[in-house]
Amino acid sequence: MASVPSPRQRSWVRWAGPLLLVVVLAVLPLVFPESVNEIIARIGVFAVAVLGLNLVMGYTGQVSLGQIFFLGLGAYVTAYGVSNDWNIVVVFVLACTIPAVVGLLVALAAARLGGLAIAMVTVALPIVGVPLAKRLSDYTGGSQGLSARFGDAPEGTGLYDDQWRLYLVLAIGGAVFLLTRNLVRGKYGRVFAIVKKNENVASSVGISPYRYKVLAFTLASLIGGVSGFLYMLVIQYTSPETMSFGHSIQLLAAMVIGGAGSILGSILGGAYYVLVPQLTNLVDPSLTALLQGATLLVVLFVLPGGLASLARPLGRGRRSSHDRRGPTPPITPSATTGSGTAAETPETERQGHP
Amino acid sequence: MNMHSRSRKALGIAVASALALTLAGCAREGGGGGASGGGASPGITDTAVKLGISTPLSGATAGPGTCTVAGVTAYFGAKNAEGGVAFGDGKTRTVEIEALDDGYDPQRAKANYDSLKGDVFAMTAGLGTPTNRAWRDAAIADEVPQVLVMTGDPLFSDTEESPWQLGFVPIYQNEGEAFGKLLASSGGAHKVAILSQNDDYGAGYVEGFKSAVEGAGNVQIVGELTYEATDTSVDAQITQLAASGADVIFNAMSVTPLTVSALQKAQQLNWLPRWFLPSNTSSPGAVVEPGGGAAFPAIYSVSFAKAPASPAFAEDEDVRTYLAALKEHGNYPDAPAFPHCQWSWMVGATLEQAFAKMTAPTREDFMRALRSIENFEAPLMLPGTAVSTTEAGQPAVPTVVVQKYNGKGYDTVEAFE
Amino acid sequence: MTLLELEDVTAFYGPVQVLEGVSLSVPENGAVGILGANGAGKTTTLRAISATVRAGGRIVFDGKDIRGTRPDRVAALGIAHVPEGRGTFGDLSVRENLRVGAYLRKDRKGIASDIDYCLDLFPNLQDRITSNASALSGGEQQMLAVARAIMSKPRLLLLDEASLGLAPSTAKAVYDAIRRLRVESGIAMVVVEQNANLAFTLVDSATVLETGRNVLTGTSAELRGMDEIRRAYLGG
């Protein structure tokens, strides 16, 4: 961000926005009915899962069809830890690190392969994961799955369980979103975007595409693990079904519909993942698959950049006010060729080019 | 910049409130305090009761899932058309059913439960072990009945562990046990080979079978192998079992194409034992005929429901009423493709029995009434089977009868031949 | 002293052999041109050096055979490639593009002063410093691509068709700046160029490729006068 007319005003705006958001998020669970709190909590779970997918796919451009595996792994680790009465902080750390380590190992092997080969390796994850979860029944409960209830509201808070759990989801999910936002807007995000755009050019300035692909994949796995922890917190049950391949594709669709390479898009993707099946159930429960498919197509045709592109006009307004401040550059005739895309790409929400 | 940030915030708040308005169910109200007074549970008034179902209506299991809704909807549709169902508290109520699709996704099943629990009196009939397990704990915590659900998972029939649950269909052990008993009582000496799926499904069948033949001097298990549900071939296992010289094979397999190829492989090896096939992989059209089942001396399976397609039941009163109602009230115009349609119809009849025994319009009283049904022969049940809910650890239908393939369908048999 | 030496370098795109044995010698502080028609293997030769295509033969940089080294390691050795089509990052601002060029450097002060140097070298970029690269004109993008390469403080610059698609006056401005860079920094260069006249304003010597082989090598002065060059590449 370049200079702004009044620095004092700028800092006011900078702090007021997030502060208001925090206040709103803190108050809403108290006023919403239980059913809405539960829906928002579920949206939080899948928004985090979509965020992880976005990191590796939307920002770094590596096709991953296995994100649901890391959610499932995180959920299983959480369920196992909770049912063995481990300290919940330890459980959380394990639910992050175990998927991250598995993701790292997979990435070290897969990122050497180009293009579709990575996609095929990631396809294998849920396909191997489901029978593995059934097989390792001593740890996973087999095909009957594992139930684990935790995160009940502590005595003395005066909160209902759903309110307390939603606060936990908002706190953990919010932290993950904040960290990821800072990551993708900083140096790493810049490098991810460069690797996505052109690996050769990335190499020409000394960037190792391999290293950053592995990094993105590992972080996506870690975030997937966090979403698995939240999944157990909210759903309280996991089974091999949790990580079935179909759900991985649904996550992918949610990411594209929300907006690839967009923080806001990840939240919208999570909302899509949770709300659309419920809304289609209200329309006609026997036609849910058809209605969901139709919704997907309509969104993609009307908003190819995903739902997040609806928020672009705001970003554009901000950006053009930037340009007006700077000295007007001499525009050579050929400059107009590329300027269209620039105006549509706000600095704050870097959209992936298809 | 100010203006833009503000309008963005305003948008956020607008979205949040729209979400709240469109999705808000009933506001927070303790446990029961419904509007109809007298401490009635949610979902029941003096004139109507509402039941909820979460079941797969899309995806790979949509066929059976659709049946689980159709049968019970048809049953109560017909009853409602006659004026309703007589309850034990002297009132007559119509029965409404609200069914939601979960696509066999546990997470969606939990979401469906969350959205239904405030509106319905009880949840029933939904298909699937993981999808029912996903909200079992929540149903217990909320004290919402989750009854007559379609899962062979014994947990739902464990009264201690699952006070607000009751499974409907026989558990896997019941099926294995029924065949084991028949074999043990046959008098002849038998060598049995066991091939089972390496999960709780296969293990349940084998456990039931072994408990029934334990101590029977005439039954000897000569080979026992497993396979993975994801395997594409069991040729190696069949070859190995054929070498054991068994004259009976207990095939606890849930995968249709594998069952067909197992039947074919045995013939190829010229190994012709008598077969036991589980109820869900014994379809005459989909398994036995393509597998060339006629080559074997006998193929046994188990059942508790009349097959409407069987010529033996073409003139059966129950079957005709059922098929007519399914068309008229069940939104299911075709011939039922899965037994789940029949089972769901029986769920309707069983619920009616429980309703008739209820003395108060509460979920607690409903559970008490539901657990007091003894030897109720629901429509479409085969002779020799009945609904019994009084025995702990057993599903509502604990008994199955062994049937033998007759070249077209199955006939109930009394003895092993 | 020789900085870069190519000996009998071969390369394939799939089954098609593009380089059949190219040799090249670039002295320290020197600038060598690669001339030739479309498809002669000029761009592939640069890619072989920067390791973005797999090559056979010997590629010796600063006394070490670098063949088989990963492209990002080659960049780290001090070889900066300005690819054909420029490869600037359209989503990033001019300043961010320059920072990316300095990816391997840790000296904050040096980076800042080198950015200033680039902006002095290409004053057009100074005016567009906060604009996205995709908003730049073709000439400005070319300048940015060169500037970004300089930011890595290379010892050898590989320039691929820096005049492509530019108006003659713009192309001249770009080459003028690069010549100034050469004089002031002493960075060695390999220059691929269709426009031989333009190339001769920059390089000391050149080689002419035809179907993946050297057919002619000489100093700029020698080559400039040759009829073959004139006919084939100077449009004379």
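Two strands pair if DSSP finds at least two bridges between them, where strands (E, at least two residues) and helices (H or I, at least four) are DSSP runs numbered from the N terminus. This is a predicted model, in which local features need pLDDT of at least 70 and side-chain atom pairs count only at pLDDT 80 or more, while totals for chains, interfaces and linings use all residues. Residues are numbered from 1 along each chain as its sequence is written, with chains lettered from A and ligands numbered from 1 in the order in which they are written.

**Exercise 1.** Find which residue of E8(B) stands opposite B:Ser196, and describe the sheet around it.

*Solution.* Begin with the open sheet of seven strands in chain B, whose order is E8-E7-E9-E10-E11-E12-E13 with mixed pairing. Its edge strands are E8 (219-227) and E13 (410-412), each of which pairs on one side only. Next, follow E7 (residues 190-197) of chain B, which runs parallel to E8(B) and is joined to it by eight bridges. The residue opposite B:Ser196 is B:Thr226. Finally, helix H7 (residues 200-213) of chain B packs on this sheet, touching E7, E8 and E9 (248-252), and its direction makes about 160° with that of E7(B); contact requires C-beta atoms, placed from the backbone, within 7 Å, and axes are lines fitted to C-alpha atoms, for helices over the stretch in contact, with angles from 0 to 180 degrees between N-to-C directions.

**Exercise 2.** Determine which strands stand at the edges of the open sheet of six strands in chain B.

*Solution.* First write the strand order, E2-E3-E1-E4-E5-E6, noting that the pairing is mixed. Strands E2 (85-86) and E6 (165-167) of chain B each have a single partner strand, so one side of each is left without a neighbour in the sheet. Then look at E1 (residues 48-55) and E3 (residues 92-101) of chain B, which pair in the parallel sense over eight bridges, with B:Ala48 opposite B:Thr94. Helix H2 (residues 62-81) of chain B lies across E1, E2, E3 and E4 (122-124), running at about 160° to E3(B).

**Exercise 3.** Identify the residues through which H7(A) and H8(A) make their contact.

*Solution.* Locate H7 (residues 161-185) and H8 (residues 187-197) of chain A, whose axes come within 4 Å and cross at roughly 65°. From H7(A) the contact uses A:Leu183, A:Val184 and A:Arg185, and from H8(A) it uses A:Tyr188, A:Gly189 and A:Phe192.

Terms used
Two residues are in contact if their C-beta atoms, placed from the backbone, lie within 7 Å.
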